[in-house]
Amino acid sequence: MLVNINSHGFMQSSPTELPQWQALEEWRRSFASRTIASLFKVDAGRAQRWSFSAATIHVDVSRNWIDENTFGALVALARACDVEKMRDALLGGEAINTTEHRSAWHTALRTPPSDPSVARSLDEEQRVFLGFAEALRAGRIQGSTGAPIETVVCIGIGGSDLGPRLVTEALGASTGPVAVRFVSNIDPVELDSALEGARPEATLIVAISKTFTTLETLENLRVARSWLHSHSQALDVAHHVAAVTAHPGRAAELGVHPKRIFVFPEWVGGRYSLWSACGLPIAVAHGHEAFLQLRAGAAEMDAHFAQAPLETNLPVILGLLGVWYVNFWNTRTRAIFPYAQRLRNLPLYLQQLEMESLGKRVDVDGRPLAVDTGPVLWGEVGTTAQHSVFQFMHQGTHWSPADFVLVAQHADSDERRYRVLHASALAQADAMAWGDSVLGPERSTAAYALTPGGRPSNIISLPRLDARAMGALLALYEHRTFVQSVIWNVNAFDQWGVEVGKKLLQQRLGREAF
Ligand code: F6P
């Protein structure tokens, strides 16, 4: 067996060499003659046995290719790969992002760390940006002509856009007087439409960029500034620009007033940054209390991840199922179907979270991997997805496990359409698992109509679509991603592949004298 001490100082074999891995290959073969329906038949309590709850989130994994033996082997694999120790290292702020020589301590933004000086400085950063958000909502922040700010245009990309945009939209209509709009693309159409109808004298441009070097963001900021200027020569543009960054010096060099620069630590990764001052748009749209609730929900999930035994630990269970399908069932994708219109951006957010974190080809010590890593993540909001991609889900020659994300109770739960929405998700999950065998007399015997089933899914339910549940949901996905990275022994917190494209773009633009 190849046993190494990896760069985190933990025992790490090539996972394929572990006896637990080989046991899982055996268990995989044992499913060849079975169906998901048969797993339910032999166990009347299956739905209950394979349902778990934590931090308000309920997860039903009963429609998966698992039984006690497989699950036991998956948990044993997690132990053999030091998931518990790595989890503690993550939550303890150890420098587990080895290629960038820093911690990935986004959880410290949600649960104050024990180091009093770190806790104090995080507290101060939070006080400043949440205070600014409340002042905006109260009309106390004015443009240079004295008009209260009524539109905030947030410019950022990747993690500096997807998380804040997702949560702002998920929580519904703004509860304050300020409209929040988002721009990420360098395609002029997006900034043009965000600025359309906005009154320059009542508009604040917020550039969100951890590095403050991202070309798209700086270019859109430049254009937004000239829009401010060209609409009214009388405006003092500096009054209408703010920045959120881990590099305040760079924002100041580009002319942002130091009092309008909101900072966060370098050890917060871009795709984990919505919990920091990057969450400013959320607080502007929904108030600081909603932002604190969001963090509180995430902190509850962090506590569950830290303390629950692996056997009932939601991020661990979901992460292990992720490994199970990629490495033992050879699936190349995973689908995300949120059944809530306000979560339509969830697949996009998760694409960055999981594909930047797990799209890796070498292990933490730079050795080529012997196993496949992160799948392609894709998805669409339900029920819209049912009329586009579900044909593939039910009858394609290859299949994709799926997450159905449901909201148990909507603000207007008597509304008939919510009942249809909810039942639709479960009907799709059932059809994936059991196929048409359960249709009874309505079943067609034609070959073209045959729907075989045996396609696994998770049902992830939020009690309500509120800030606390959103925080718990996003932390669940963060930790699930981390668990997979530990099994595969990859660094979940760097993204060197993205850099190549950035550098080549710079070279091309240089040649064209941009
Ligand atoms: O796409 C790569 C990336 O580095 C992401 O990880 C990050 O979220 C995004 O670019 C934006 O970076 P920044 O916040 O520094 O502008």
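Me: How many helices and strands are there in the protein chain?
Reply: This is a predicted model, in which local features need pLDDT of at least 70, side-chain atom pairs count only at pLDDT 80 or more, and totals for chains, interfaces and linings use all residues. Residues are numbered from 1 along each chain as its sequence is written, and side-chain values use heavy atoms, with hydrogens and water left out. Helices (H or I, at least four residues) and strands (E, at least two) are DSSP runs, numbered from the N terminus. On that basis the protein chain has 18 helices and 13 strands.

Me: What is the radius of gyration of the protein chain, and what does the globule rule give for 514 residues?
Reply: The radius is taken over C-alpha atoms, and the rule is 2.2 Å times the number of residues to the power 0.38. The protein chain is as compact as a globular protein of its length, because its radius of gyration is close to the rule's value: 24 Å against 24 Å.

Me: What share of the 514 residues in the protein chain is buried?
Reply: Buried means under 20% relative accessible area, with a 1.4 Å probe and protein chains only. By that cut-off, the buried share of the protein chain is 55%.

Me: What part of the contacts with a separation of 6 or more joins residues 24 or more positions apart?
Reply: A contact means heavy atoms within 4.5 Å. Among contacts in the protein chain with a separation of 6 or more, the share from residues 24 or more positions apart is 75%.

Me: Which strand is joined to β12 by 6 bridges?
Reply: Two strands pair if DSSP finds at least two bridges between them. Strand β10 (residues 333–338) runs parallel to β12 with 4 bridges, and there I336 has D403 as its bridge partner. The strand joined to β12 by 6 bridges, also parallel, is β13 (residues 457–462).

Me: Which elements are included in what covers the buried residues of α7?
Reply: Helix α7 (residues 162–170) has 8 of its 9 residues buried. These are L162, G163, P164, R165, L166, V167, T168 and A170. The helix is followed by G172, whose phi is positive, near 90°. The cover includes β6 (179–183), α8 (188–195), α11 (280–286), α12 (288–307), α14 (346–358) and α17 (467–488).

Me: What distance separates the C-alpha atoms of L294 and L474?
Reply: L294 lies in helix α12 and counts as buried because its relative accessibility is 0%. Not counting residues up to four places away in sequence, L294 touches V167, L274, W275, I282, A467, R468, M470 and G471. L294 and L474 are 180 residues apart along the chain, and their C-alpha atoms are separated by 9.5 Å.

Technical notes: Buried means under 20% relative accessible area, exposed over 50%, partly exposed in between (1.4 Å probe, protein chains only).
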